[in-house]
Amino acid sequence: MPDQLALRFERERETKNTIRYQELAEDGEHVVGSLYVRKAELARLGDPRELTVIVRATSAATTDTAAA
């Protein structure tokens, strides 16, 4: 089982305060589908046409001592 997913997105359209990106699914199956990113943050990245989003699973063992 992979410990991370690399998902590619292509700019689809602009909304008032965000840019909507559509996932580029290699096998036709989308994991996320659409992704909305604030324009202000994209400006810091140079207003890219494509994005790559890395999704990693964390295996932090948490212990709930209050539920005992």
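**Before the views.** A residue is called exposed at over 50% relative accessible area, buried at under 20%, and partly exposed in between (1.4 Å probe, protein chains only). This is a predicted model, so local features need pLDDT of at least 70 and side-chain atom pairs count only at pLDDT 80 or more, while totals for chains, interfaces and linings use all residues. Residues are numbered from 1 along each chain as its sequence is written, and side-chain values use heavy atoms, with hydrogens and water left out.

View 1. Aspartate 47 sits in the loop between α1 (39-44) and β4 (50-56); helices (H or I, at least four residues) and strands (E, at least two) are DSSP runs, numbered from the N terminus. Have a look at the backbone here: phi of aspartate 47 is positive, about 55 degrees, although the residue is not a glycine. Its side chain makes a salt bridge with arginine 11, with 2.8 Å between the closest N and O atoms. The term salt bridge stands for a side-chain nitrogen of Lys or Arg within 4 Å of a carboxyl oxygen of Asp or Glu, and by that rule the count is 5. Arginine 11 belongs to strand β1 (residues 4-14) and aspartate 47 to the loop between α1 and β4, so this pair ties together parts that are 36 residues apart in sequence. Aspartate 47 is partly exposed, at 41% relative accessibility, and arginine 11 is partly exposed at 22%.

**View 2. Lysine 39 reaches glutamate 14.** Here is another salt bridge, with the side chains of lysine 39 and glutamate 14 meeting at 2.7 Å, N to O. Distant parts of the chain get linked this way: lysine 39 is in helix α1 and glutamate 14 in strand β1, 25 residues apart. Glutamate 14 counts as exposed at 54% relative accessibility, whereas lysine 39 is partly exposed, with a relative accessible area of 26%.

View 3. Glutamate 41 and arginine 44 form a salt bridge, their closest N and O atoms being 3.4 Å apart. Both lie in helix α1, 3 residues apart, which is about one turn of the helix. Arginine 44 is exposed, at 69% relative accessibility, and glutamate 41 is partly exposed, at 38%.

**View 4. The largest nonpolar core.** Now for the inside: Leu7, Phe9, Ile19, Tyr21, Val37, Leu42 and Leu51 form the largest nonpolar core, 7 residues in all. Strands β1 and β2 (18-23) each supply at least two residues of this core. A core here is a set of buried Ala, Val, Leu, Ile, Met, Phe, Trp, Tyr and Cys residues joined through side-chain atoms within 4.5 Å. Leaving aside neighbours within four places in sequence, isoleucine 19 is in contact (heavy atoms within 4.5 Å) with Arg11, Arg13, Glu14, Leu35, Tyr36, Val37, Lys39 and Leu42.

View 5. Alanine 57 lies in the segment after β4 and counts as exposed, at 66% relative accessibility. Between alanine 57 and leucine 5 there are 52 residues of separation in sequence, but 9.0 Å in space, C-alpha to C-alpha.
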